[in-house]
Structures are given as structure tokens and as C-alpha cells.
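This report describes a protein model for a reader who is new to structures. Please look at the sequence and the fold before reading on.

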Amino acid sequence: MNSVKLSKLISKMKLENLTAGINCDKIRILQYDLNRPALQLAGFFEHFDNHRIQIIGHVEHTYMEQMTDDHGTAMIRNLMEHKVPCIIYCRGMCISDSIIELGNEMGVPVLRTEETTSAFMAEVIRWLRIELAPRISIHGVLVDVYGEGVLIMGESGIGKSEVALELIHRGHRLVSDDVVEIIKESDETLIGTAPDITRHFIELRGIGIIDAKALFGVEGVKDTQSIDLVIKLEEWNKNADYDRMGLEEQYTEILGNKVVCHSIPIRPGRNVAIICESAAVNYRQKKMGYNAAREMYNRVMDNMMNTGRED
């Protein structure tokens, strides 16, 4: 299961840590859902999910202020006893020393932000969804071609990196060579990126490692890109039945998401970079409602019908 260090959230969201004695590196956030503990402050803990970050907004804070200091602290104690990851106060609200001492005592960080409650929760959920999303690493090359993320796959040594180099030379942008880290952002969106150690580097057999950013400038590279199209390179097989019309889309599955996939046979004389470029443009046309294969099929059928009438 993916997790995020609480210290990383504190840094990302610029939170004020009022319990500095607690080691937030050891506290792990396991899910992106947050909780505003209105019912829990009233003592109702049935079906309570203690893995969620607890958010204290204006309503919860006002409710506790109407109680005596001891009663308000007791409410927070009940919450902390369930081993929640942390408690975050929004709107820069004033927090009593007794609650901060309680957090230090029970090992539950008490944090604060100046942001409004709704805006802060929306941003945290968005960020955590990405950080905690399912992810895998696969062997391949990811290139941004006319804004479409083209994932080039195939056996080692078949020429994926050379194709990527040619695409960069033609004005497109490299995201990752050799290893692509893929994050499932949603049921419709996969995001690809490069491992930090290989970012912007390309391995060319016979030459070695080259730095695409240094050679082509910042316009030749990109950090992240959605994966819209998969192209699988394979050795030419004269006995194989390759799709020549493209009337029916072929798909491959990555992290449960279906992605349009084309198998491209490699043989001498084929410019695979231009084929990948054309595939990306054709994919964009289909998204905009124009299908060249379907248009040709309709023309052929109309021609056959017209010829039949003349006979």
C-alpha cells in the first residue's frame, strides 16, 4: 500500500507544526480522504476511520469554544486516543496550550494553516490522490508528440531510444527513456514520468548516455505527460496478420485503464519516428471526431453501391 510521510505534507502545504517534538517522518498517511470530526467531537465514533487526517474548521472550533476548557480538551483527547495521523486547524485559528501539550503527550501532531477550510481540503485531497495513486514502472520510452503522450514499447534493443531521439530532433519532447513510472491518476488518466536518476537521459547503443536537455534545450524535454497512445515495436514477421485499415481500435491495459495500442512491425527502410508521429496525429483526429479509416470505408461502400445501380 502506498503511503506519504506526514513531514512531506507539512512541507508541501506549508503547515505550521505546533508540536515540533514529534517526528513526523515516522507518521504515514495511508488515504487521501479527510474528516471534519463534527460527530466525533460530540462523542459518536461508530464507523470512524482513524486513518484519515482530521480537519478542524470554523464550525468545529466554535463548537468547542462554547464548552469549558476542560470539556473542549477532552473532546480532542477522545479524538487523539483513536491514533489519528494528525489534527489540522484551518483559518489560522488560535489553539490553546492545553491542546498542544496534549498532542505532544499523545504523539499526535497539531498543525495549522492560514487557508480557508474548503479550499485547503480540496487542495490536500487533490495532492494526496496523486501521491497515493497506484503506480508501476515499465520498460519503455515516453514522448510528448503534438501534445499526445506516446508510450513506445518493445523488446530491448529494438530501437525505442533511437525513435525517441528522432522525435526530439523533429521538435517533440522526451519524458522518459528506458524506464517509465506510471501513476493512475483516475480511471481515465494515466500519468507517466521518469525516475529522478534517469530524467532527461537517453541510452544509445554504441554511443552511450546522452543528455537530451543539454543537447536540445529545455524545449526538448518534459517532466510529466498523460499516456494517450501505446505503440509496440516488434520484429517484422511476414506470416503475421497486421491491421491495414484500423477500423477497430486495439487496446492494452495498464493499471486497469484501457489505452489505444498499435503494433508496428520493424523492417529496414521504415521510418518509425514518422509512423509514431502520424499515429499521434491520427489519434488526435479521432478524438476530434474524424476517423480516416471509417471515411475511406464509407467511400468504398458508396462507390460499390453506385456501381451496382449503374449495372
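The model is predicted, so local features need pLDDT of at least 70 and side-chain atom pairs count only at pLDDT 80 or more, while totals for chains, interfaces and linings use all residues. Residues are numbered from 1 along each chain as its sequence is written, and side-chain values use heavy atoms, with hydrogens and water left out.

## Helices with a buried face

Helices (H or I, at least four residues) and strands (E, at least two) are DSSP runs, numbered from the N terminus. A residue is called buried under 20% relative accessible area, exposed over 50%, and partly exposed in between (1.4 Å probe, protein chains only).

Helix α1 covers residues 6-13, and Leu6, Leu9, Ile10 and Met13 are buried in it. Seen down the axis of α1, these buried residues fall within an arc of 100°, so they line one face of the helix. The arc is that of the directions from the helix axis to the C-beta atoms. Among the elements that cover the buried residues of α1 are β1 (4-5), β5 (53-56) and α6 (117-131). Lys14 follows α1 and has a positive phi, near 55°.

In α3, the buried residues are Glu60, His61 and Met64. Their arc, seen down the axis of α3, is within 95°, so they line one face of the helix. Val59 and Glu65 are exposed on the other side of α3. The buried residues of α3 pack against α2, β5, α4 and β6 (87-89).

Gln40 is in helix α2 (residues 38-41). Gln40 is buried, with a relative accessible area of 8%. Not counting residues up to four places away in sequence, Gln40 touches Asn35, Phe45, Phe48 and Leu79, where contact means heavy atoms within 4.5 Å.

## Nonpolar cores

A nonpolar core is a set of buried Ala, Val, Leu, Ile, Met, Phe, Trp, Tyr and Cys residues joined through side-chain atoms within 4.5 Å. The largest one has 28 residues, and Ile152, Val163, Leu167, Ile231 and Leu233 have the most contacts inside it. Elements that give two or more residues to this core include β10 (148-154), α7 (160-169) and β17 (229-235). The largest share, six residues, comes from α9. Leaving aside residues up to four places away in sequence, Ile231 touches residues including Val150, His262, Ile264 and Cys276. Another core, of 23 residues, lies apart from the largest one, and Val4, Leu6, Ile27 and Ile55 are among its members.

## Pockets

On a 1 Å grid over the protein atoms alone, a pocket is an open set of points where a 1.4 Å probe fits, with protein on both sides within 12 Å along at least five of seven lines; lining residues have an atom within 4 Å of a point. Grid points are joined across faces, edges and corners, and a volume is the space filled by probe spheres set on the points.

The largest pocket has a volume of about 690 Å³. Its lining has 25 residues, and Asp243, Arg244, His262, Ser263 and Ile264 lie nearest its centre. β19 (257-266), α9 (272-287) and α10 (292-310) each give two or more residues to this lining. By type, the lining holds 11 nonpolar, seven polar and seven charged residues. Here Ala, Val, Leu, Ile, Met, Phe, Trp, Tyr, Cys and Pro count as nonpolar, Asp, Glu, Lys and Arg as charged, and the others, Gly among them, as polar.

The second largest pocket holds about 260 Å³ of space. Of its 14 lining residues, Met64, Glu65, Asp69, Ser96 and Ile99 are the closest to its centre. At least two lining residues come from each of α3 (58-65), α4 (69-80) and α5 (97-106).

## Single residues

Most residues other than glycine have a negative phi.

Ala212 lies in helix α8 (residues 212-216). Is Ala212 buried or exposed? Ala212 is buried, with a relative accessible area of 0%. Beyond its neighbours within four places in sequence, Ala212 is in contact with residues including Ile168, His200 and Val221.
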